[in-house]
Amino acid sequence: MPKSVDREEQRRHIGAALLQLVAERGLDEVSVRTVAAATGRSPGAVQKYFRTKDEMLTFAAELAGERIERRMAEVNTALPLRQALRDLILTTLPVDAERRAEATAQLAFAIHAAHHSRLAAIRRRVDKDVRQALTTWLESAGHETHAAALADAVIALSDGLALRMLYTPQEHEHLLTVLDRALDTLIPALGTDRHLRE
């Protein structure tokens, strides 16, 4: 009896291989052929799941966004606001091999999205979801007046630190100190002992 193939699982496996390939060799090295080699498949086998390179890139960008959103959802919202926001930002920073690969791929996708409307739409959707989730958290913590502006500042801080960590990995500890100082500036002292509520 032929073995059943989980199509979605196979697509995710290919998408994960593409993310790793982008992280290791750059977006220019991605093709149906190189992704096929990375997954131990033939190009024809990969094309059963993705007809083109753009289809693979679109799926991989969605997969990368899912991973970040999943890690963000796991942040303990019972922590004091400052700690919760710090943990949230750390979910996006390249502080380990997995997150470094994702951050490298995300940067490549962001550059590529400047000229590809489908990738740009995915990036905008993920950004909107993250901003909305942050704004909701901040409002529940008593920052109703400036919640959206603070959310934008936190996202900008996260994006900037992630970029710098990619090309200056030797400065990780210093940049984490920068993160702490920035959070101390962004969040009023009275807000540090308030708790996020689900």
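This is a short tour of a predicted model, stop by stop.

**Before you start**

Residues are numbered from 1 along each chain as its sequence is written. Because the model is predicted, local features need pLDDT of at least 70, side-chain atom pairs count only at pLDDT 80 or more, and totals for chains, interfaces and linings use all residues; side-chain values use heavy atoms, with hydrogens and water left out.

**Stop 1: the whole chain**

Show the protein chain as a cartoon. Its secondary structure comes to nine helices and zero strands. Helices (H or I, at least four residues) and strands (E, at least two) are DSSP runs, numbered from the N terminus. The C-alpha trace spans about 60 × 40 × 30 Å along its principal axes.

Now colour by burial. Of the 198 residues, 44% count as buried. Buried means under 20% relative accessible area, exposed means over 50%, and partly exposed is in between (1.4 Å probe, protein chains only).

The chain exposes about 10,900 Å², and carbon and sulfur atoms supply 53% of it. Accessible areas come from the Shrake-Rupley method with a 1.4 Å probe; for residues, only the protein chains shown count as cover.

**Stop 2**

Select F50 and F59. How far apart are the centres of their rings? They are 5.3 Å apart, with the planes at 50 degrees, so the pair is tilted. Rings of Phe, Tyr and Trp (its six-membered ring) pair if their centres lie within 6.5 Å; planes under 30 degrees apart count as stacked, over 60 as edge-to-face and the rest as tilted. A search of the whole structure finds one aromatic pair. F50 is buried at 1% relative accessible area. F59 is buried too, at 8%.

R11 lies over the face of F59, 4.6 Å from the ring centre. A charge sits over a ring if NZ of Lys or CZ of Arg is within 6 Å of the ring centre and within 35 degrees of the ring normal.

**Stop 3: salt bridges**

Keep R11 and select E8. These two form a salt bridge, with the closest N and O atoms 3.9 Å apart. A salt bridge is a side-chain nitrogen of Lys or Arg within 4 Å of a carboxyl oxygen of Asp or Glu. Both residues lie in helix α1 (residues 7-25), three residues apart, about one turn of the helix. How many salt bridges does a search of the whole structure find? The search finds 15.

Next, select E102 and R67. Their side chains meet in a salt bridge (3.2 Å, N to O). E102 lies in helix α6 and R67 in helix α4 (residues 53-73), so the pair ties together parts that are 35 residues apart in sequence. Buried or exposed? Both E102 and R67 are buried.

Move to R131 and D152. This salt bridge is at 2.6 Å, N to O. R131 lies in helix α7 (residues 117-140) and D152 in helix α8, so parts 21 residues apart in sequence are tied together. R131 is partly exposed at 33%, and D152 is partly exposed at 35%.

**Stop 4: a surface patch**

Select L107, I111, L163 and Y167. They form a nonpolar patch on the surface, with about 400 Å² of accessible area together. Patches are made of residues with over 30% relative accessible area and no salt bridge: like charges are joined within 9 Å, nonpolar side chains (Val, Leu, Ile, Met, Phe, Trp, Tyr) within 5 Å. L107 is found in helix α6 and is partly exposed at 34%.
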